[in-house]
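This report covers aromatic pairs and charges placed over rings. The model is shown below.

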Amino acid sequence: MVTRRTALLGASALAVSAAFAVTGLFRRTSKATARPSFKIMRTPEEWKALLTPSQYAVLRKEATERPFTSPLNDEKRVGVYACAGCDLPLYRSRDKYDSGTGWPSFTRSIDGAVGTKVDHKLFVARTEVHCRRCGGHLGHIFDDGPAPTGKRHCINGVALDFKPQSA
């Protein structure tokens with residue numbers, strides 16, 4: 001005979017199991033063991049010595065700079081935007097546009113320059129974009145950009161170094 005107590009305990013156990021399954025706590029591999037490998041790998045101490053505190057926070061800890069604070073928002077010269085962590089060219093100025101969001105935005109990256117992964121930090125799936133060579137966090141890609149791609153690469157300016165084209 002199923003009592004009310006047995007039913008409640010069973011329902012509670014089922015709810016806890018579902019919560020663990022949804023949050024991924026039953027996975028056998030932890031984030032530490034499933035860590036991706038990049039061509040340029042440094043210790044946190046080495047990154048801190050190379051980067052400013054704000055660059056470290058964004059590139060290595062996936063922080064987001066405050067909107068409308070990057071001087072790259074107003075950059076209009078012809079050139080290339082490179083990774084502030086490893087100097088890999090990531091975006092061309094011809095693909096930059098003013099999205100009005102407060103961060104430098106691009107319709108596309110240079111072929112093969114960036115990688116992506118799914119980010120669930122805000123409880124909704126987003127596409128996180130990172131430098132393919134050092135793994136530095138750049139920002140996110142959204143499907144609300146202009147033609148020709150319909151994409152908006154919303155990039156933290158502090159993650160980029162602008163290299164003007166020489167005349």
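## Aromatic pairs

F106 is buried, at a relative accessible area of 0%, where buried means under 20% relative accessible area, exposed over 50% and partly exposed in between (1.4 Å probe, protein chains only). The model is predicted: local features need pLDDT of at least 70, side-chain atom pairs count only at pLDDT 80 or more, and totals for chains, interfaces and linings use all residues. Residues are numbered from 1 along each chain as its sequence is written, and side-chain values use heavy atoms, with hydrogens and water left out.

There are three aromatic pairs in the structure. Rings of Phe, Tyr and Trp (its six-membered ring) pair if their centres lie within 6.5 Å; planes under 30 degrees apart count as stacked, over 60 as edge-to-face and the rest as tilted. Y81 and F106 make an edge-to-face pair, with 5.1 Å centre to centre and 70° between the planes. Y81 is buried as well, with a relative accessible area of 0%.

Y81 also pairs with F162; this pair is tilted, at 4.8 Å centre to centre and 50° between the planes. F162 has 14% relative accessibility and counts as buried.

## Aromatic cluster

One aromatic cluster is formed by Y81, Y91, F106 and F162.

## Charges over W47

R42 lies over the face of W47, 4.9 Å from the ring centre. The charged end of R60 sits over the W47 ring, 4.2 Å from its centre. A charge sits over a ring if NZ of Lys or CZ of Arg is within 6 Å of the ring centre and within 35 degrees of the ring normal.
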